[in-house]
Amino acid sequence: MDGCVFCAIAAGTIPADVVFQDGHVVAFRDLHPVAPFHVLVIPRIHRSSLADAVDADADLLGRLMLAAARVAREAGFEKTGYRTIVNTGADAGQTVLHLHVHVLAGRQLSWP
Ligand code: 5GP
Ligand code: ZN
């Protein structure tokens, strides 16, 4: 989508520190990490948020989660743990309107 920063990262027109990509998803390091390991996993196609996902996106949503698990595993966090977060909408603090999964690891995370 024109003007979407994550579409531009997926297209390679804006640089990013990509840690994994395939034909469906791209995973790259967050510009402003809040944990020692902070990666964002996005679909290549534009969806503004999880609220925009439809039944036909079921496979894609699964791929996002599998990619999140993969980058965490490959970075060595399978045993110590990691957190996956999808912020949706204003009250959740979503700032980039292209669906993304945060993967946080490398420190003890508080809850909620
Ligand atoms: P949200 O608050 O929407 O859930 O998360 C958006 C995330 O995208 C933030 O953690 C922010 O640091 C990250 N971000 C915003 N713009 C860019 C960018 O151009 N490159 C990268 N790598 N991360 C970005
Ligand atoms: Zn987009």
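His 46 touches Met 1, Cys 4, Cys 7, Leu 97 and His 98, leaving aside residues up to four places away in sequence; contact here means heavy atoms within 4.5 Å. The model is a predicted one, in which local features need pLDDT of at least 70 and side-chain atom pairs count only at pLDDT 80 or more, while totals for chains, interfaces and linings use all residues. Residues are numbered from 1 along each chain as its sequence is written, chains are lettered from A and ligands numbered from 1 in the order in which they are written, and side-chain values use heavy atoms, with hydrogens and water left out.

Where does His 46 sit? His 46 lies in the loop between S3 and H2. Helices (H or I, at least four residues) and strands (E, at least two) are DSSP runs, numbered from the N terminus. With a relative accessible area of 17%, His 46 is buried, since buried means under 20% relative accessible area, exposed means over 50%, and partly exposed is in between (1.4 Å probe, protein chains only). The His 46 side chain also makes a polar contact with the side chain of Ser 48, at 3.4 Å. A polar contact is a pair of N or O atoms within 3.5 Å; within protein, one must be able to donate a hydrogen and the other to accept it, and residues adjacent in sequence count only if both atoms are side-chain atoms. A polar atom of the His 46 side chain lies 3.5 Å from the backbone oxygen of Leu 97.

Next comes the inside of the protein. In soluble globular proteins, nonpolar side chains tend to be buried together. A nonpolar core is a set of buried Ala, Val, Leu, Ile, Met, Phe, Trp, Tyr and Cys residues joined through side-chain atoms within 4.5 Å. Which members of the largest nonpolar core touch the most other members? Out of 17 residues, they are Val 25, Phe 37, Val 39, Val 41, Val 71 and Val 103. Two or more residues of this core come from each of strand S2 (25-29), strand S3 (37-43), helix H2 (58-74) and strand S5 (101-105). H2 gives the largest share, six residues. A second, separate core has nine residues, including Cys 4, Phe 6, Ala 10 and Ile 42.

Charged side chains come next. Side chains of opposite charge can pair when their charged atoms come close. The structure holds four salt bridges, a salt bridge being a side-chain nitrogen of Lys or Arg within 4 Å of a carboxyl oxygen of Asp or Glu. One of them joins Arg 29 and Asp 17, with the closest N and O atoms 3.3 Å apart. This pair links distant parts of the chain, twelve residues apart: Arg 29 is in strand S2, and Asp 17 is in the loop between helix H1 (5-11) and strand S1 (18-21). Arg 29 is partly exposed at 39% relative accessible area, and Asp 17 is partly exposed at 44%.

Another salt bridge pairs Asp 57 with Arg 47, and here the closest N and O atoms are 2.9 Å apart. Asp 57 and Arg 47 are ten residues apart, and each is in the loop between S3 and H2. Is Asp 57 buried or exposed? Asp 57 is buried, at 5% relative accessible area, whereas Arg 47 is partly exposed at 23%. Helix H2 holds Arg 63 and Asp 59, four residues apart, or about one turn of the helix. Their salt bridge has its closest N and O atoms 2.7 Å apart.

Then there is the ligand. Of the 16 residues around ligand 1, Asp 30, Asn 87, Thr 95, His 100 and His 102 come nearest; a residue is near a molecule if one of its heavy atoms lies within 4 Å of it. An oxygen atom of ligand 1 is 2.7 Å from a polar backbone atom of Thr 95. An oxygen atom of the ligand is also 2.8 Å from an N or O atom in the side chain of His 100, and the value for the His 102 side chain is 2.8 Å. The protein covers 83% of the 520 Å² of accessible area that ligand 1 has on its own. Accessible areas come from the Shrake-Rupley method with a 1.4 Å probe; for residues, only the protein chains shown count as cover.

Finally, a cis peptide bond joins Trp 111 and Pro 112, with omega about 5 degrees. Pro 112 lies in the segment after S5.
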